[in-house]
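This guided tour is intended for a reader who has the structure open in a viewer. Please follow the selections in the order in which they are given.

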Amino acid sequence: MSSLKSDNKPLQNRTILVTGASDGIGRAAAKCYAANGATVILMGRSEDKLDSVYDEITHDKGPTPAIITLDFNTATPEEYSELANTLDQEFGVLDGLLLNAGILGERKPLAQYSATAWQQVIQVNLTAPFLMTKALLPLLEQADNASVVFTSSGVGRKGKAYWGAYSASKFGIEGIAQIWADELANISNVRVNTINPGATRTNMRASAYPAENPEQNPKPEDIMALYLHLMSDASMGINGQSLDANGFKL
Ligand code: NDP
């Protein structure tokens with residue numbers, strides 16, 4: 001796909017924040033955005049893992065990224081405000097926000113689901129993306145055409161036994177993405193869409209399906225066409241949609 005070639009640089013001079021950039025799909029997206037010209041703000045909870053993504057991007061001669069650690073399980077609204085202030089001072093604008101970090105939680109019937117696991121999954125997968133978007137909206141509105149991308153799942157569209165809080169959190173994501181998109185449609189240049197990655201070869205997938213042969217699923221690098229499309233000007237005007245990354249072609 002020609003738009004994935006780094007020499008096109010469709011994200012030149014853009015600043016894009018990626019949550020969960022330390023591993024799996026977020027790591028691949030951060031590297032894809034940098035290869036396409038963006039300055040990427042790598043966000044996660046493990047500084048060591050983020051450092052290695054930073055090293056890979058600079059080794060490949062991408063724009064120097066930034067690293068910010070934040071644990072979404074414990075982050076307070078005040079910490080999101082501090083984050084917004086820091087980014088305002090450093091960059092003054094945010095062109096893209098990929099809300100990708102997530103946890104699986106327990107794979108159990110709802111009748112046996114623990115209250116603690118429920119709260120953690122809803123906190124990390126649903127509350128954190130809401131608080132992050134709210135705090136960063138003024139910075140996104142400084143951009144000519146900002147793009148916010150939420151991350152859903154097949155079980156965010158159809159409930160399935162034993163997917164518990166994860167499924168509920170992804171239904172919530174589909175909902176808040178639609179609400180943001182509708183609220184912002186006529187009053188700002190910020191577009192808001194949702195990606196369902198589909199089965200992808202990551203640690204989370206291996207935890208959810210331990211008996212599965214990982215080779216049968218695409219690697220994160222193989223599903224980046226939609227991630228790139230939604231951050232580039234090619235997707236201007238696309239708002240409020242929920243799209244599948246697996247098999248996406250322009
Ligand atoms: P991984 O488990 O490989 O990566 C998850 C990322 O989220 C890691 O960077 C992880 O950081 C970060 N993260 C987890 N908890 C926190 C926290 N408390 N605070 C900050 N960061 C945190 O998952 P995937 O790459 O597979 O999944 C990415 C997204 O795609 C998720 O939203 C997932 O629900 C969704 N998805 C994935 C599918 C798949 O088949 N892989 C299918 C459908 C949806 P750390 O490195 O520190 O653990």
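A pocket is here an open set of grid points, at which a 1.4 Å probe fits, with protein on both sides within 12 Å along at least five of seven lines. The model on display is predicted.

Begin with the largest pocket, which holds about 1,000 Å³ of space. Select Asn100, Gly102, Ile103, Thr202 and Met204: of the 41 residues that line this pocket, these lie nearest its centre.

Next, colour helix 1 (24-35), helix 4 (115-140), helix 5 (164-184) and helix 6 (203-208), each of which supplies at least two residues of the pocket lining. Helix 6 provides the largest share, five residues.

Now display the ligand, which sits in the largest pocket. Which residues are closest to the ligand? Among the 30 that surround it, they are Ser22, Lys49, Asn100, Tyr166 and Thr202. The shell around the ligand divides into 10 nonpolar, 14 polar and six charged residues.

Finally, inspect individual atom pairs. A backbone N or O atom of isoleucine 25 is 2.8 Å from a ligand oxygen atom. For threonine 200, a backbone N or O atom lies 2.9 Å from an oxygen atom of the ligand. In lysine 170, a side-chain N or O atom is placed 2.9 Å from an oxygen atom of the ligand. Of the 900 Å² of accessible area that the ligand has on its own, the protein covers 92%.

Definitions and conventions: Residues numbered from 1 in each chain as written. Predicted model: local features only at pLDDT ≥ 70, side-chain atom pairs only at ≥ 80, totals over all residues. Heavy atoms only, no water. 1 Å grid on protein atoms, 1.4 Å probe; cavity = no way out; pocket = protein on both sides within 12 Å on 5 of 7 lines; lining within 4 Å. Points joined across faces, edges and corners; volume = space filled by probe spheres on them. Helix = DSSP H or I, 4+ residues; strand = E, 2+ residues; numbered from the N terminus. Near = heavy atom within 4 Å. Polar contact = N/O pair within 3.5 Å; in protein donor to acceptor, adjacent residues only side chain to side chain. Areas by Shrake-Rupley, 256 points an atom, 1.4 Å probe, with all protein chains shown as cover. Sits in = over half its atoms within 2 Å of the grid points. Nonpolar A, V, L, I, M, F, W, Y, C, P; charged D, E, K, R; others polar.
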